[in-house]
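Colleague: Thank you for making time for this. Could you take me through the model step by step?

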Amino acid sequence: MHFNLLLDQSDKVHIIPSQGEIPEGDWEVLYPGIPFYIAQELLREIDNEYSWGSKRKKRNLFRRKKEAMEKSTIKRKILSNLKNHPSLSKFTWQWMSKKSLKETKEEEAEKVKIPTSMEEKEKIKVDFLRRTEGRVLTKGDLQRLGQESNLSYIEILKLCQEQVNEGKGEWLSGLERNRMGWRCQRCGETKVEEWISIYGRAATCPSCASLGSLSSLNTLYRSLNNQNKATNENNGVSRNNTSRNNTISRDDVVIRNKFNEVNTSFAKSKIIFSPRWELTPAQKKAAEEILSFVKSEEPQGQVNSLFEKGFQHKKGFQKEILLWAACGAGKTEVCFPAAAWALNNNQKVLFAAPRQDVVWDIAPRLEGDFPNLSLGVHTGTSPQRFTPSQFVVATTHQILRFYQAFDLIFLDEMDAFPYYGNKALAWGIEKALKDTGKIVYLTATPSPESLQKVKRGKMQLLTLPARHHGHPIPVPQWKKFTGNPDPRQGNAEKVIKNLLPRIEELGKAGPILLFVPQISWVNPWVQLLQEFLPQRSIEGSFSSDPNRREKIENLRKGSFQLFVCTSILERGVTFPRAQVIVLGADHEIFDERSLVQMAGRVGRSRECPTGTALFLAPKTTPAIK
Amino acid sequence: MLQTKDYSGIRAGINAYYFLEVYFLRGGMSVVAKLEPIWQELKALARTFFYTPEKNCLLCEKSSAEGEFCLDCLEEYFYPELPRCVNCGKLIPKEQIKCTDCQVGKGPRGLDKVIALGYYGGAWREFIQNVKYKAQPYQLKKISSFLGNFAISHLPPPHYLIPVPLHQERLAERGFNQAEEIASLLQWECGIPLYSPNPLQRLENTPSQVGLGREERLQNLKGTIGFLPGEAEKLKGAKVWLIDDITTTGATLEHCAYELKKIGVKKVFGLVLAAGLEKRK
């Protein structure tokens, strides 16, 4: 996606997308198009030179007033800057007036279907606004958005640019460079890979590549919400002073009103919250506390700006709460009343979990309890991307696609693999949250860092020790187990012979989850077990398995008696009557937290509150103890 | 005699204080936090004295002692023991000299020899696609020595390296020409001069050739590659390596070679990162 510099009648320089339409009026455009961050740099150079006079005058304490620039001087200045640029000098630059441009663009313009009636136009725009609300979108995302809403890519660009002109959206370069180095604008990563492009220095962010590659030559479109804009205008700060066009036509007001109407229609039809379960007294107390936390508002008044930095709030007000509950205590259900309250107050809610399986486990439960809710499920493999919804369930990585979108975030299993220790995702959560928003962390095994935060008074703590049926968590047993459980080392048969009586024993109680430490062990183990136990149904899965979702759904229905898996099923999922065996529990990847979580899979349902968890290892490790 | 007092020491002290304030205190971070990255660097440096860094295979991320690629990946994607088709660079069974297509006469004409580094499939294909479409040209420099060794041992030394050109529009979108990146690697690795500016030029932006047959590709490319005027004299009688990332039918290479031969280049050798593989029947 490329951008052009555009010089308008009042001698202001704007940045517009090359493929969009040419605005009305008397313009001149610099050709060819360039990536957004280079256009930004050019603008900055000119601003520096002209607003503060020449370099010599810059040292003066009494700075000169901003000089008005003539059109010709701006043009000359930009061209000479380009000429001195080491890598941009080889292009042929020229200012084109509107007339000469129109001829070349006419052919393209014919291809774009223009909605004739006003109503249709409004409909398209309202749809676009609803789909992009609170989002950060790359070029690929915009293209997909076009496919979903039956618009061409050029039309989408046009809509984006309209928003930018009104100050309700903005363009961002994928990575931005400042004094300290590069920073990814999507995930906040600062350790990036730098390379040389034809425009000079460029960089690619390696850490959020799973959401589609992003380099400094790419551009992001980000929608700004209304509230944000209002505060900005009050403070007299304009976010994008170069491309803000404050004259909003009457049509736009109509559209904006319509959009708000549609948005508030969520609230008008009250969300029905009909739980199919009853909370225990302990759970009820916790649920009430969370509800009161969500309801609490920040005390009004000026925050001392000297000490205010980022998201710091007034004393006595906390933005975060930590719910520390035992495995199977019903953490998720405890959150539902608070979520229902927020939804009915027209707030947007996000439930984020570290793994796909957890998301697919929670989504049906939510659908059951909130019958008339529009639920958005976002995972790496989910087909729907831009359907507007008030309640979003997503894996943690998908959060990076949102910007100031949510009032309330529930973050499940905050100590688990992708989130724990990942600065990018913490940054993403902070960004996805509105300034007035709140976060509820849920965990069974809190990390030392979060506990320290509680100690310092930055976070509230709620504990929920017992499981919802009142039975304690089964204490896992360690059984000495000699022999190398690696299926590729020859003595697998011996290991199986040791294992068989245990499987027989546990199999009477219910289906068995057999955890192994490595992906490469799963399939050999499934084959081996199928050989030795032909009468049982045995299956296995791992994180990169294409059929993973189907298999796990079948497992939930109870069609497998023995299921071999890696740590993917370690947290957040509930299987009735499950029994657990951990093979090679002394492996280094099983730390204390994950072992506790695996044992926590046992006896989660009310019908069968007890069960057995076996850790098989030749020796005990500190983690097992 | 009047003597001015020397205040330079005091001034230096004040300057140092300002430096400290600007860099450590005004940034809002504590001094310790600012020094953290430096400390990490020092630790990494100290580590290098005691341990040799572990090398990982670029394709499968297993640790490998052999170099860039582990033995499994070498065998799976690069087939060091197999010869390449003299005409089109494809990987072919041992006894043959040409692939079956070239034996029939369907191969590219005008090239003196073509070689491919590996087979276009699996992880190697993903690697090349990451470089091209996911803006990761920095990945290429990791294979530079491997590529250099391979090229020197299979091709006669040339006067110049010439990359296959990319159309201006696509170049502007991508930000780099992958063939030029590969060529500059070889220039660095083997010391062969890269011909600059590129004498070949794309005149038209042809659509992607994926899914087209050989005849269609030849038709598609007709007249799309031109020669930069004024460079003909220097290239007369020279031997060049023509460099590209992938070849399937060799149509692009053939067109480039045709343009080069037309102005009197003596020999054109093709070098690509990946090509097809012909299995023994």
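Modeller: One term before the details: a helix here is a DSSP run of H or I covering at least four residues, and helices are numbered from the N terminus. Please also bear in mind that this is a predicted model.

Colleague: Noted. Which helix is A:K331 found in?

Modeller: A:K331 belongs to helix α11 of chain A, which covers residues 331-344.

Colleague: Is A:K331 buried or exposed?

Modeller: A:K331 counts as buried because it has 24 C-beta neighbours inside 10 Å. The cut-off for a buried residue is 20 or more other C-beta atoms within 10 Å.

Colleague: Which residues does A:K331 touch, leaving aside those up to four places away in sequence?

Modeller: With those left aside, A:K331 touches A:L323, A:A325 and A:L442. As for A:A287, it is 44 residues apart from A:K331 along the chain, and the two C-alpha atoms are separated by 9.3 Å.

Colleague: Now chain A as a whole. How many helices and strands does it have?

Modeller: Chain A has 18 helices and 24 strands. Of its 625 residues, 38% are buried. Among contacts in chain A with a separation of 6 or more, 73% are between residues 24 or more positions apart.

Colleague: What is the strand order in the open sheet of 7 strands?

Modeller: The order is β14-β15-β13-β16-β17-β12-β18 in chain A, and the pairing is parallel. At the edges are β14 (375-378) and β18 (460-464) of chain A, each of which pairs on one side only. On average, neighbouring strands of this sheet are turned by 15 degrees against each other, direction ignored.

Colleague: And how many bridges join β12 to β18 in chain A?

Modeller: There are 5 bridges between strand β12 (residues 320-325) of chain A and β18(A), and the two run parallel. In one pair, A:I321 has A:Q460 in β18(A) as its bridge partner.

Colleague: Which helix packs on that sheet?

Modeller: Helix α12 (residues 356-369) of chain A packs on the sheet, where it touches β13 (349-353), β14, β15 (391-395) and β16 (406-412) of chain A. The direction of helix α12 of chain A makes about 160 degrees with that of β15(A).

Colleague: What about the open sheet of 3 strands?

Modeller: That sheet in chain A has the order β5-β11-β6, with antiparallel pairing. Its edge strands are β5 (136-137) and β6 (169-173) of chain A. Strand β5(A) is joined by 2 bridges to β11 (residues 219-223) of chain A, and A:V136 stands opposite A:R222 in β11(A).

Colleague: Then β3 of chain A: what does it pair with?

Modeller: Strand β3 (residues 28-31) of chain A is joined by 2 bridges to β1 (residues 3-7) of chain A, running antiparallel. It is also joined by 4 bridges to β4 (residues 94-97) of chain A, again antiparallel. A:L6 has A:V29 in β3(A) as its bridge partner, while A:E28 stands opposite A:S97 in β4(A).

Colleague: Changing topic, how many residues does each chain bring to the contact between chain A and chain B?

Modeller: The contact takes 14 residues from chain A and 10 residues from chain B. On the chain A side, β9 (193-197) and β10 (200-204) are the elements that give two or more residues. The largest share, 3 residues, comes from β9(A). By type, the chain A side divides into 7 nonpolar, 5 polar and 2 charged residues.

Colleague: Lastly, which domains does the assignment give for chain B?

Modeller: It gives domain 1 (9-50) and domain 2 (79-275) of chain B. Taken over C-alpha atoms, the centres of domain 1 and domain 2 of chain B are separated by 49 Å.

Note on methods
Residues are numbered from 1 along each chain as its sequence is written. Chains are lettered from A and ligands numbered from 1 in the order in which they are written. This is a predicted model: local features need pLDDT of at least 70, side-chain atom pairs count only at pLDDT 80 or more; totals for chains, interfaces and linings use all residues. A residue is buried if 20 or more other C-beta atoms lie within 10 Å of its own, exposed if 12 or fewer, and partly exposed in between; C-beta atoms are placed from the backbone. Two residues are in contact if their C-beta atoms, placed from the backbone, lie within 7 Å. Ala, Val, Leu, Ile, Met, Phe, Trp, Tyr, Cys and Pro count as nonpolar, Asp, Glu, Lys and Arg as charged, and the others, Gly among them, as polar. Two strands pair if DSSP finds at least two bridges between them. Domain bounds come from an automatic or database domain assignment. Axes are lines fitted to C-alpha atoms, for helices over the stretch in contact, and angles run from 0 to 180 degrees between N-to-C directions.
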